[in-house]
Amino acid sequence: MSFPITRHRRLRGSAGIRGMVRETVLNVLDFVQPIFVTYGTGVKNEISSMPGVYHFSLDTLKAEVDEIAALGIPAVLLFGIPETKDAIGSSGFAEDGIVQEATRLIKQWYPELLVVADTCLCEFTDHGHCGMVHTHTVNGVVHGDVINDASLELLTRTAVSQAKAGADIIAPSNMMDGFVHAIRAGLDENGFEHVPIMSYSVKYASAFYGPFREAADSAPQFGNRKTYQMDPANLREALREAESDVLEGADMLMVKPALAYLDVIRTIRDQFDLPLVAYNVSGEYSMVKAAALQGWIDEQAVVLEMLTGMKRAGADIIITYFAKDAARWLRG
């Protein structure tokens, strides 16, 4: 009698067997939930391009943090939308800055909940770029260059101010050359040797960031970010960026975005042994939400499959706007 030599289906025959041999398992401890904090009072405004994601003022923030903590999510990533902006993003490193104030409150409410502070200037500058700029006008059109080394000083001031406010992890996302070294030195000089750096090591100039620009009010007022964020076509360059951050003292590496860059996540995972973070970005979130609202897909099944793919590719930690939903679904 002829028969298959190998019957792979034996290990798929029941939910119990499939669970027993499952190679990749999502856990709520994998997740980081982003939060957008803004000025004012009584603010809880849904972001139109990101259904289910909100801007919170400090007086409405606690209910959101209560929910995150109750779900067992171990960390939040803070983004701030300030009342005023200027050319150098001074509200980003102000002692009473919106991220600093939110950090103090969260650590007061939940000392064990990890606060990850996004360290960038784009939300705080009036030009929307991630560092200081030199501008000039040609035929009535404003052009500008982001000044790398001068920006490092401001980014370091921002990181130190966030650490002073109680941030557990500093997450610089600016993609300036040498930013990890500068921030590590600044933290150490100010007594924060114990505070780790989660570096946005491999951050592409991606179209998937579109909804975030609305959420963080951080769209560039001229030009784009292609002179400092990476070309989406490049993989070997990602290895160079990650290696630089490792040598400069990064404690964790990140790939952003995640969904279209699973090959990059796997490559970084294979080459470096630091914890690896995948950022499931706003455009990835909004595409799924939009299709789910139309009834075209099963949101729960798609989201859990997508997050599993990121973890299977090599991510140890996943920053995702789906964190709360995924935590509920995993509870069953």
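User: How many nonpolar, polar and charged residues are in the lining of the second largest pocket?

Analyst: The model is a predicted one, and its second largest pocket holds about 200 Å³ of space. Its lining consists of 13 residues, with Tyr39, Glu83, Asp96, Gly97 and Ile98 lying nearest the centre. Divided by class, the lining has six nonpolar, four polar and three charged residues.

User: Which residues line the largest pocket?

Analyst: The largest pocket contains about 280 Å³ of space. Its lining divides into two nonpolar, three polar and five charged residues. These residues are His8, Leu11, Arg12, Arg18, Val21, Arg22, Glu23, Thr24, Thr308 and Arg312.

User: Which residues does Thr24 touch, not counting residues up to four places away in sequence?

Analyst: Thr24 belongs to the loop between helix 1 (15-20) and strand 1 (31-38), and it is one of the residues lining the largest pocket. With a relative accessible area of 19%, Thr24 is buried, since the cut-off for that class is under 20%. Leaving out residues up to four places away in sequence, Thr24 touches Thr308, Lys311 and Arg312.

User: How many disulfides does a search of the whole structure find?

Analyst: Cys120 is buried, with a relative accessible area of 1%, and Cys122 is also buried, at 6%. The sulfur of Cys122 has its closest cysteine sulfur in Cys120, at 3.9 Å, which is too far for a bond; the limit for a disulfide is within 2.5 Å. Across the whole structure, the number of disulfides found is zero.

User: How far apart in space are Leu121 and Ala290, C-alpha to C-alpha?

Analyst: Leu121 is in the loop between strand 5 and strand 6 (133-138). Leu121 is buried, with a relative accessible area of 0%. In sequence, Leu121 and Ala290 are 169 residues apart, and from C-alpha to C-alpha the separation in space is 30 Å.

User: Which residue in strand 5 is the bridge partner of Leu77?

Analyst: Strand 5 (114-119) is mostly covered, as five of its six residues are buried. Four bridges join strand 5 to strand 4 (residues 75-81), and the two run parallel. Within strand 5, the bridge partner of Leu77 is Val116.

User: Which residue in strand 8 stands opposite Ala117?

Analyst: Strand 5 also pairs with strand 8 in the parallel sense, over four bridges. Both faces of strand 8 are covered, with Ile169 and Ala171 buried on one side and Ile170 and Pro172 buried on the other. The residue of strand 8 that stands opposite Ala117 is Ile170.

User: What is the phi of Met175?

Analyst: Met175 lies in the loop between strand 8 and helix 5. Met175 is buried, with a relative accessible area of 4%. Its phi is positive although the residue is not glycine, with a value near 65°.

User: What covers the buried residues of helix 5?

Analyst: Helix 5 spans residues 179-189, and its buried residues are Phe179, Val180, Ala182, Ile183, Arg184, Gly186 and Leu187. The cover over these residues includes strand 5, helix 4 (148-165), strand 8 (169-172), strand 9 and helix 7 (236-248).

User: Why is strand 9 largely enclosed by the rest of the structure?

Analyst: Strand 9 covers residues 198-203, and it is included in what covers the buried residues of helix 5. Strand 9 is largely enclosed by the rest of the structure because, of its six residues, the number buried is six.

User: What is the omega of the peptide bond that joins Lys256 and Pro257?

Analyst: Pro257 lies in the loop between strand 10 and helix 8 (262-271). The peptide bond joining Lys256 to Pro257 is cis, and its omega is about -5°.

Notes
Residues are numbered from 1 along each chain as its sequence is written. This is a predicted model: local features need pLDDT of at least 70, side-chain atom pairs count only at pLDDT 80 or more; totals for chains, interfaces and linings use all residues. Side-chain values use heavy atoms; hydrogens and water are left out. Buried means under 20% relative accessible area, exposed over 50%, partly exposed in between (1.4 Å probe, protein chains only). On a 1 Å grid over the protein atoms alone, a cavity is a set of points where a 1.4 Å probe fits but cannot get out, and a pocket is an open set with protein on both sides within 12 Å along at least five of seven lines; lining residues have an atom within 4 Å of a point. Grid points are joined across faces, edges and corners, and a volume is the space filled by probe spheres set on the points. Ala, Val, Leu, Ile, Met, Phe, Trp, Tyr, Cys and Pro count as nonpolar, Asp, Glu, Lys and Arg as charged, and the others, Gly among them, as polar. Contact means heavy atoms within 4.5 Å. Two strands pair if DSSP finds at least two bridges between them.
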